[in-house]
Amino acid sequence: MGNRDLTFTRNIGIIAHIDAGKTTTSERILYYTGKIHKIGEVHDGGATMDWMVQEQERGITITSAATTAFWHYNDQVYQLNLIDTPGHVDFTVEVERSLRVLDGCVATFDAVGKVQPQSETVWRQADKFKVPKIVYVNKMDRVGADFLACLEEIKNKLGATTVPLALPIGSEDKFKGIVDLISRKALIYDADNTEINNFHEIPIPEDMKGDVELWRDKLVEAAAECDETLMEKYFESPESLTEEEIISALRKGTISMQIVPATCGSSYKDKGVQFLIDAIIRYLPSPLDIGSVKATHTYTGREQELQPSANDPFCGLVFKIATDPFVGRLAYIRAYSGRLDAGTYVLNSRTDKKERVARLYQMHSNHQNPIDFVEAGDICAAVGFKDLRTGDTICDEKNPVTLESMEFPDPVIGIAVEPKTQSDLDKLGMALGKLAEEDPTFTVKSDAETGQTIISGMGELHLDIIVDRLRREFDVEINQGAPQVNYKEAVTATVQHRELFKKQTGGRGKFADIIVEIGPADPGTSGLQFDSQVKGGNVPKEYIPSVQKGFEAALSNGVLAGYEMQSLKVTLLDGSYHPVDSDQLSFEMAARLAFRHACPKAKPILLEPIMSLEVVTPEDYMGDIVGDLNRRRGQIQAMDSTANGARLIRAFVPLAEQFGYVTVLRTLSSGRATSTMTFDHYEEVPANLAKEIIEKSGYRVPEDE
């Protein structure tokens, strides 16, 4: 590989609503790129096709998280790292972690469905991570397909300035090809021909000439607006802009997120995909265009910029852990700076431990290719790590830095599981462990009192898929209990409390004395917010971390029903110690007891997860659905009309009221309404319900030890 020129690398992903044709588009991109250039040799069609057919039979999404392919453009070979992003809303975290490592993305829309609720979600996520986009309007062969109407809706709903790069020739079953507006070439794709050059040029159809000139003028004007030097040239003579100048200006505008170039096609019918790949090369950024990323020094906390250069110290982000049947645990890594060689050691900045990188792979759509090293800007998979999780930063030991870590929401719903046969007990434990490593929003814990294993996730669908994977991949059959809501607790008032802990048994005793103020944490913080204001060594410095540790440990069991305390602010004001009897453990115990005695006085409340629900339904069922949501303590946020005459209801609904909702919705709408639900925030449970939940939990604050 040598020192690769990063100008010719593209790290891209395809983001879309479910059913916009994301997988088919990804497969076609891999198919065409593999067809020309399979790492050095050009294959004949046979072998490649066979592999595709199996993919289609099994209907699998491209299994690996990142796949490398190559594409010839202007006599230059470009490397595409295609990163798969899931479309389903329970896996929003998956989408986010993919977007974190993308340099650019292709937002795919269905030419008939246009902008659907989930397309908005993924679009906003891409905006959040400042990922430049190009639009691909797919399924132009379907009845009701309309390219320009789709772009208009993207402009209105998503506020983006879309610039068409091409116009479709014909639509619905007469969709034959596209006119490239920059080169004014009309390309017709041959039906039933999947060769790489399955298109030929024809003169622009007479009835399209007016439209082509109109939209080309708009395109040239949009390009000129992205580049000041071109602007002057454009005002003097719009026709004097060369194709290279237009492309270069559009590229500039795309990368600065000023515009979003758009093209169209039908991936399933093999039309327009090659043009899309050229557009990816032309307009989406290389790692060099993205430039440096920010990291903080692990020990000093100083911020530093990491340059995408192979000569700097190595730093990379682990963005996914997957279990591969042949090589075991694969960690997918995006290298941000430096070079990583197989067989060397790196530092995991979360655990502060060294890890050996046994082997490195470049992942191809249908096999793994071992490589000796990976350099800045590239993506690879690595094997051999002992303790690595999604979101970890791995770096050079001499330059310990941490990239901005990924924030993962806590799971909101749990179910108790047990293996159907006792012999599966060990297998279940192993399988759940592997799944929890792959997915940070999935957790496993055993309930000490009942001995049950509780698995928790982001929604019913999320847990269904986990149970399904247990059966298929790990061959473990389980019995599952009813779903339970993961409530949390919080305090709403601030109280001062003194805890004097002393035990006198023969020999050395135990002694700790602390005065603390306990109250609600600052908005936006979770967990323990701890501050010490002890003056003059009344509590010696070495005991203060023990007080903090005691409170941290106590947070996992609140005082109302034993649920985790969402956040708490503790200020250590004063205290005293005994020169002989005080030790770290005494102060830790004092903190745990202070938590139990003070929290009941700080007006504790119960919090419940509130879900953001979107229902798309034909008009006729609106009344019933809204009535049902009101009965579920839902708060309707908005009711809009969608482009195809259906209604979109957005509401906040407590998760506790939503079990089995999909079935109820099907009944209410004769199977015609669809819903998506994501976790949004925690909110206080109404007093009457809270009382019921607390009684049901049967929780008692443990007696003092």
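Residues are numbered from 1 along each chain as its sequence is written, and side-chain values use heavy atoms, with hydrogens and water left out. In this predicted model, local features need pLDDT of at least 70 and side-chain atom pairs count only at pLDDT 80 or more, whereas totals for chains, interfaces and linings use all residues.

A search of the whole structure identifies 32 salt bridges, a salt bridge being a side-chain nitrogen of Lys or Arg within 4 Å of a carboxyl oxygen of Asp or Glu. One of these joins K488 to D410, with the closest N and O atoms 2.6 Å apart. The two residues are 78 residues apart and belong to distant parts of the chain: K488 is in strand β30 (residues 488-491), and D410 is in the loop between β24 (401-403) and β25 (413-419). Helices (H or I, at least four residues) and strands (E, at least two) are DSSP runs, numbered from the N terminus. K488 is buried, at 6% relative accessibility, while D410 is partly exposed, with a relative accessible area of 36%. Here, buried denotes under 20% relative accessible area, exposed over 50%, and partly exposed in between (1.4 Å probe, protein chains only).

A salt bridge between D513 and R498 likewise has its closest N and O atoms 2.6 Å apart. This pair links strand β32 (residues 510-519), which holds D513, to strand β31 (residues 495-503), which holds R498, across 15 residues. D513 is buried at 2% relative accessible area, whereas R498 is exposed at 51%. In the salt bridge of E657 with R633, the closest N and O atoms are 3.0 Å apart. E657 lies in the loop between β37 (647-654) and α16 (661-668), and R633 in the loop between α15 (622-631) and β36 (635-641), so the pair ties together parts that are 24 residues apart in sequence. E657 is partly exposed at 26%, and R633 is partly exposed at 26%.

Two strands pair if DSSP finds at least two bridges between them. Strands β32 and β34 (residues 567-576) run antiparallel and are joined by seven bridges; E517 has T571 of β34 as its bridge partner.

The largest nonpolar core comprises 104 residues, a core being a set of buried Ala, Val, Leu, Ile, Met, Phe, Trp, Tyr and Cys residues joined through side-chain atoms within 4.5 Å. Helix α9 (residues 273-283) gives the most to this core, with eight residues. Residues with the most contacts inside the core include F109, W123 and V135. Apart from this core lies another of 43 residues, among them V615, I625, L665 and Y682.
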